[in-house]
Amino acid sequence: MDRVFNFAPGPSMLPLPVLEQVQRELLCYGNTGMSVMEMSHRSKMYLEIFNRTVADLKDVMGIPEGYKVMFLQGGATAMFAAVAMNLMDGGKADYVDSGNFAHNALVEAKKYGEVNVAGSSREDGYSYIPEYTLSPDAKYVHITTNNTIYGTRWDHIPQTNGVPLVADMSSNILSEVYDVSRFGVIYAGAQKNVAPAGVVILIVREDLLGHELPITPKVMSFQKMADADSMLNTPNCFGIYVAGLTFQWIKAQGGVAALEKVNIEKAKLLYDFLDESRLFRGTARAKDRSRMNVTFVTGDADKDALFVKEAAAQGLVNLKGHRIVGGMRASIYNAMPIEGVRRLVAFMKDFEVKNA
């Protein structure tokens, strides 16, 4: 069977060259005589993979000196608690409530200290990035740079006046260039733009290590995990290996800046059609539209369902919107080729002619 264009929000498409390399190396990695899945995480052969993966991430993201890179488990959801436990330090934190996962993060943080909701678009269905007012005495400011379910994206980095900025980049990491030095902490589940589910990338400025609450489990302590080079317990060795292959693929594409140009072009193709369509309508405010997750509806739930069904029959799969909001969502991460977006737009035009 031919491969489909998979618009799933995560786990999502991986670059085909990465999958092909995994296939070639699955039974025997190099001259080791074994699969990466069979290697001890403390063996020389695996540590070479791990250290190269860390170095390649630093390279493709331009991570400066003074930051620690870790590959942990528990996903971004575990980081909702870990960030608060490691950074709240008896004070309060500012959270901008811009989507479902941004909201989940602040709810979790309330268990460990005072949370100030600096801004929220919750009452308006998270259809835009809200205005916000930050606290000068906050221990940190938390944002979610891309809101997967609602299809919105921050188009700027907040000026925090020295307060550490924490960003959940789960659904747009490595899709656009960020100045890492503007952030105190970056975390991201890997299953959208990097690797299979089961790995969370954590980047922490070193001066923010060592402030965890006494109740913090050791596997959620940034300091302890940094000291152990992500290996306080057995990491997701295979997922980290795939992440490393993806970082090498990004380099081969010309780096994050080159991918960003393609991502802008892919998103423009789809949004330009939505803006002209007589049947489909985008749901996010134009200024705040995501480049990674394009959300849209027809206004008729039956037509939405028919569209998803007929699209799947054409090899355009996983276009159903999140259960919270319904409608449709096309996730067009780095691995989605522009041809997939062109095919989607062509199908939408045909569907519109038949159903408008």
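This is a predicted model: local features need pLDDT of at least 70, side-chain atom pairs count only at pLDDT 80 or more; totals for chains, interfaces and linings use all residues.

Biologist: Why are H7 and H9 called roughly parallel?

Modeller: The axes of H7 (residues 256-276) and H9 (residues 338-355) cross at roughly 5 degrees. Angles under 35 degrees count as roughly parallel, so H7 and H9 are roughly parallel to each other. Their axes come within 9 Å.

Biologist: What makes up the contact of H7 with H9?

Modeller: Its residues divide into nine nonpolar, no polar and five charged. Among them, Leu269, Leu270 and Phe273 in H7 meet residues of H9 including Val341, Leu344 and Met348.

Biologist: Why is the pair of Tyr126 and Tyr150 called edge-to-face?

Modeller: The planes are 65 degrees apart, and over 60 counts as edge-to-face. The centres lie 5.0 Å apart, and rings pair within 6.5 Å. Tyr126 lies in the loop between E4 and E5 and Tyr150 in the loop between E6 and E7, so the pair ties together parts that are 24 residues apart in sequence.

Biologist: And Tyr178 with Phe183: what makes that pair edge-to-face?

Modeller: The angle between the planes is 85 degrees, and the cut-off is over 60. The centre-to-centre distance is 5.9 Å.

Biologist: How do you know that Tyr178 counts as buried?

Modeller: Its relative accessibility is 12%. Buried means under 20%, so Tyr178 counts as buried. Phe183, at 0%, is buried too.

Biologist: Which residues touch the most other members of the largest nonpolar core?

Modeller: Of its 53 residues, Tyr46, Leu57, Met61, Phe71, Leu174, Val194 and Ile203 do. Helix H6 gives the largest share, nine residues.

Definitions and conventions:
Residues are numbered from 1 along each chain as its sequence is written. Side-chain values use heavy atoms; hydrogens and water are left out. A nonpolar core is a set of buried Ala, Val, Leu, Ile, Met, Phe, Trp, Tyr and Cys residues joined through side-chain atoms within 4.5 Å. Buried means under 20% relative accessible area, exposed over 50%, partly exposed in between (1.4 Å probe, protein chains only). Helices (H or I, at least four residues) and strands (E, at least two) are DSSP runs, numbered from the N terminus. Axes are lines fitted to C-alpha atoms, for helices over the stretch in contact, and angles run from 0 to 180 degrees between N-to-C directions. Angles under 35 degrees count as roughly parallel, over 145 as roughly antiparallel, 65 to 115 as roughly perpendicular and the rest as oblique. Contact means heavy atoms within 4.5 Å. Ala, Val, Leu, Ile, Met, Phe, Trp, Tyr, Cys and Pro count as nonpolar, Asp, Glu, Lys and Arg as charged, and the others, Gly among them, as polar. Rings of Phe, Tyr and Trp (its six-membered ring) pair if their centres lie within 6.5 Å; planes under 30 degrees apart count as stacked, over 60 as edge-to-face and the rest as tilted.
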